[in-house]
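Reader: I would like to learn how to read the features of a model like this one. Please take them one at a time, with the general idea before the case.

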Amino acid sequence: MKLSLLSAASVGVLCAAMSAAALDAITIKGSKFFNSKTGEQFFFKGIAYQPRTGFKGETMDPLADTVGCKRDIEVFKDLGINSIRVYEVDYTKNHDTCMKLLEDAGIYLVLDMPSPKYSINRKQPYWDHDMMSHWTAKVDAFSKYKNLLAWIAGNEVANDVETTPSAAFVKAAIRDMKAYLKKKGLSTPVGYADNDDMHIRMNLINYFNCGDKDSRADFYGVNIYRWCGDTADFKTSGYEDVTKNMTDYTIPSVLTEYGCNLVRPRTFPELKSLYGSDMGNTFSGGIMYEYSEEDNKYGIVKVNYGDSKVEKNDDYDNLKKALKDANPKTIKIGDYKPSGKDSVCPKPSDTWHVKSEVLPPTPSSARCKCMMDSLGCTFKSENLSADEGKAVGEAVGHICGQTSCSEISYDTVKGNYGNFVACDPTQRSAWAVNKNYLNQNKAKCEVKGADTKTVSSPKQEDQAVCLKEKDDVGNAGSPSSNTGDSNSSGGGSSKTDSSDKEESGSESGSSSKNSSSTMLAVQPLATLLTSAVALFYLF
């Protein structure tokens, strides 16, 4: 009996030691992840974790659901995973219990920075101080946890040729969030996850690993659903091609989603390649999509919010076995000599609508406040109703179809970004309304359907002064990469000439050769208030 108790205690100590070792900080060297303490190479054996069934509320947050965490972490341990990817959380809630349970189980967290309300929209992208403030708040809330392994700044944002302009805004976000982390003394890697689109994949792969190192992604994720069933193999599934794309990459590559569900039950034959000789030297493992069975039918268990019951399906046992059999060949950090080549930035083309060398500006709340203080015509309230927002959106679309709004618009192909393009939608709209006021020699300050007001003596007379304000990371102010017009308020004037019409174009919603590349970065406020994102196109 004594021997039995002693053995149990020994096993407990051993398990605790294993858990502690698994939660050493993970670092990046070259194209691989390593345990910073032991020097062992780290491979993700993860699962996407975002239960949705039974949820009632505004923001889904599985890491604040203690009943669900206690239920599911026991399942995670049985599966043998070492990481989870979570897409959405409410950073205002307390996550100590769930994060500690995950830590005790030796499980790391990969967390997406965006949320449905605060994410870069692929069709009408922008990156402003309002969005950034929510991302930094999430960083502040989760950076205290030892098992936070990585951040993802965008998930399948650019997913076809027409949406490639959004990549510029994601890369700007990566630059700024890396700078914010560095400022706080943190080195958590920030990556991007693409959708494996054959027409744009190589441009994206190269783009996020080219140019200034401070703006590059720290790792690159591929969401891939090509390997469907046991009849496919490494070559016929297309996994071979994906692996070739990343062979000379200088940053780590991860399958941030995998698990085709066209053939069920899934047996996950791709794991033999992922953790074997086919891909093990190129990819650092992957994250299976997904844990809970939802309407899209990708889950391995059925669970409900607030309910401790777990119902496993056939996919569960198959994944467990496939993970258990996965034993990738590793290398110690001291023996690893990084190779590969820096990626060459893609040039603007029919399939790539971005000037890669130039990024959108870092948001600056101080610059935007200064600009608002310069306006002679603005809104009575910063909080507009849905009806007012719709009216303002229509008015701004009309205004900027008649005159240059280059200070609040951008052209990703040319690399032009207005000095106030990173202000929030209300501020950008106010700039346009004031521009119209100036163009009418201050005769009329009005927007049909919205309350406006005139300011006889604005606090700031010259908007050029605003460009000297520091950005939200603390960098000194400077003009954006734009030939835009200086829009003084009060007694100021704005430039309007023949080039204005050519640059800003005609009505919103019209089409052009370089669709999506030139855009007025003013979000219709009605859609903002209903959490939808839609900007006016100007060509």
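Author: Start with pairing: two strands pair if DSSP finds at least two bridges between them. The model here is predicted. In it, strand β8 (residues 190-194) and β9 run parallel and are joined by 4 bridges. Y192 has Y220 in β9 as its bridge partner.

Reader: Which way do the residues of β9 point, and are they buried or exposed?

Author: In a regular strand, side chains alternate between the two faces of the sheet. In β9, F219, G221 and N223 point one way, while Y220, V222 and I224 point the other way, and all are buried. Since 6 of the 6 residues of β9 (residues 219-224) are buried, the strand is largely enclosed by the rest of the structure.

Reader: What does an antiparallel case look like, and what is the strand order in the open sheet of 3 strands?

Author: Strands of a sheet pair through backbone hydrogen bonds, and the sense may be parallel or antiparallel. The open sheet of 3 strands has antiparallel pairing and the order β1-β2-β3. Its edge strands, β1 (26-29) and β3 (41-42), each pair on one side only. Strand β2 (residues 32-35) pairs with β3 in the antiparallel sense over 2 bridges. F33 stands opposite F42 in β3.

Reader: Turning to helices, which residues of α9 are buried?

Author: An α-helix has 3.6 residues a turn, so residues three or four places apart point the same way. Helix α9 (residues 314-325) has 12 residues and reaches 17 Å from its first C-alpha to its last, close to the 16 Å expected at 1.5 Å a residue. Its buried residues are D315, Y316, L319, A322 and L323. Seen down the axis of α9, these fall within an arc of 135°, so they line one face of the helix. The exposed residues D314, K321 and K324 are on the face turned away from the buried side of α9.

Reader: What caps the N-terminal end of α9?

Author: The cap is N313: one of its side-chain oxygens lies 2.9 Å from the backbone nitrogen of D315.

Reader: Which residues are buried in α3?

Author: In helix α3 (residues 96-104), the buried residues are C98, M99, L102 and E103. These cover an arc of only 135° around the axis, which puts them on the same side of α3. After α3 comes G106, with a positive phi near 75°.

Reader: What is L63 in contact with, leaving aside its neighbours within four places in sequence?

Author: Its contacts include I84, F142, Y49 and L109, and also C98, M99 and L102.

Reader: Where is V242, and what does it touch beyond residues up to four places away in sequence?

Author: V242 is in helix α7 (residues 239-246). V242 is buried, with a relative accessible area of 3%. It touches D196, V222, I224, R226 and F283, not counting residues up to four places away in sequence. V222 and I224 are two of the buried residues of β9 that point the one way.

Reader: Last, the backbone. Which peptide bonds are cis, and where is phi positive?

Author: Most residues other than glycine have a negative phi, and most peptide bonds are trans. The bond from R264 to P265 is cis, with omega near 0°, and P265 lies in the loop between β10 (253-258) and α8 (270-274). The bond from Y289 to E290 is also cis, with omega near 0°. E290 is in the loop between β11 (283-288) and β12 (301-302).

As for phi, E156 has a positive value near 55° and lies in the loop between β7 (148-155) and α5. K442 has a positive phi of about 65°; this residue is in the loop between α12 (425-439) and β17 (452-454). K442 is partly exposed, with a relative accessible area of 33%.

Methods. Residues numbered from 1 in each chain as written. Predicted model: local features only at pLDDT ≥ 70, side-chain atom pairs only at ≥ 80, totals over all residues. Heavy atoms only, no water. Expected span 1.5 Å × (residues − 1). Buried < 20%, exposed > 50% of the residue type's maximum accessible area, 1.4 Å probe, protein only. Arc of directions from axis to C-beta. Polar contact = N/O pair within 3.5 Å; in protein donor to acceptor, adjacent residues only side chain to side chain. Contact = heavy atoms within 4.5 Å.
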